[in-house]
Amino acid sequence: MLSEKIRRIEESQTLAISAKAKEMKRQGIDIISLSAGEPDFDTPQHIKEAAEEAIRKGMTKYTKVSGIPELKKAITKKFLDNKIKYSEDEIIVSNGAKQVLYNAMLTLLNKGDEIIIPIPYWVTFIEQAKLADASPVLIETEKFRITADKIEEKINKKTKAILINTPNNPSGYVVEKNDLIKIAELAVQNNLWLIMDEVYEKIIYEQEHFSIASFNDEVKKLTITINAVSKTYSMTGWRIGYAGAQKDVIRAMTNLQSHTTSNPNSIAQYAALAALTGPQEYVDMARKEFWKRRDLIVKRLNEMEDVNCEKPGGAFYVFPDFSLIEESSLKLASQLLEKAKVAIVPGIAFGLEGYLRFSYASSIKDINEAMDRVEKFLRSRK
Ligand code: PLP
């Protein structure tokens, strides 16, 4: 019999759809996938070369569990751009932001603790909280806006942490500075941990990204600031994420990591070092390209009857409301795949029924073609 813990973890509802999309593609069916959670650009050349050099120089052995000192130093410098001053012993490097997050959850949460998570959420937040034996407490948002008032309503004696992801997956919503200030005050007043997922920070358009830990020392002490090279430098497969937090927390997370995975891949760490310290042209190019695509996809979706799409401030997703067309996002996503040959992710996977997540990490040509197909499908449904 499998453990109770593992049986509590739900299988991703999106798996069935993406498995089906892959199978259809394999059969030669012309599927356009707007379901990707990663940039469609290649990892920049100088980053790949740094990895090759690391191999040639024999940097192929265990490193310090929390990461090579050069990389940690580069991360402290990077955090200065966010106006947060961390020292090197306040940094951990892990196998992607996903492992950083898991380290954080297991380090902070006890059985029965509650962690507040706004809807829509990246599904991993919920499952990791459950793996830590904690209870995710969901809060509703209005037009994806996350406010301190909504969070406050859910605070009780069991509340231990608040998780905020900005820019957000799946909505692309960027939390406004004023809202962050109030959330920071709330966390300090109630002595709550703040787990901040900022992995999409560099994919942002009209707005500015603010790191909550930069506001003052009190809130900084309570915050784990999580980031990664994954989305910023199109390095999703390299598996390097990192966090800044107070020393005791980082030490505990490192201890945990030492017994689970040890250091993240040594070669990938050198690649991440090159990413953070080398030329940044790629980041700007990708941002501008995503910006064009966001404008296109939002326009195309809003031109469709009964579809309502907010214009998100960041990430590479849009999360339009299709509830006037079909309440079940899973049903609609299956129909879109089968009939329109467009693969997307149903909103229910992110806790919001009636919505669909379209990733625009695809070429303008594919986005246009996918929109033509969705439009035709909706017309045929009338
Ligand atoms: N956080 C969010 C909000 C994400 O969307 C993702 C990836 O989809 C991650 C974290 C994971 O990042 P990494 O690939 O660095 O583990």
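## Shell around the ligand

Helix 5 (residues 96–108) gives the largest share of the shell around the ligand, three residues. Helices here are DSSP runs of H or I with at least four residues, numbered from the N terminus. The model is predicted: local features need pLDDT of at least 70, side-chain atom pairs count only at pLDDT 80 or more, and totals for chains, interfaces and linings use all residues. Residues are numbered from 1 along each chain as its sequence is written, and side-chain values use heavy atoms, with hydrogens and water left out.

The ligand is surrounded by 13 residues, where near means a heavy atom within 4 Å. The closest are Asp197, Tyr200, Ser230, Lys231 and Arg239. By class, the shell has five nonpolar, four polar and four charged residues. Asp, Glu, Lys and Arg count as charged, Ala, Val, Leu, Ile, Met, Phe, Trp, Tyr, Cys and Pro as nonpolar, and the others, Gly among them, as polar.

## Polar contacts and burial

Asp197 has a polar side-chain atom 2.5 Å from a ligand nitrogen atom. An N or O atom in the side chain of Lys231 is 2.7 Å from a ligand oxygen atom, and a polar side-chain atom of Arg239 is 2.8 Å from an oxygen atom of the ligand. The ligand taken alone exposes 400 Å², and the protein buries 92% of that (Shrake-Rupley method, 1.4 Å probe).

Conventions. Polar contact = N/O pair within 3.5 Å; in protein donor to acceptor, adjacent residues only side chain to side chain. Helix = DSSP H or I, 4+ residues; strand = E, 2+ residues; numbered from the N terminus.
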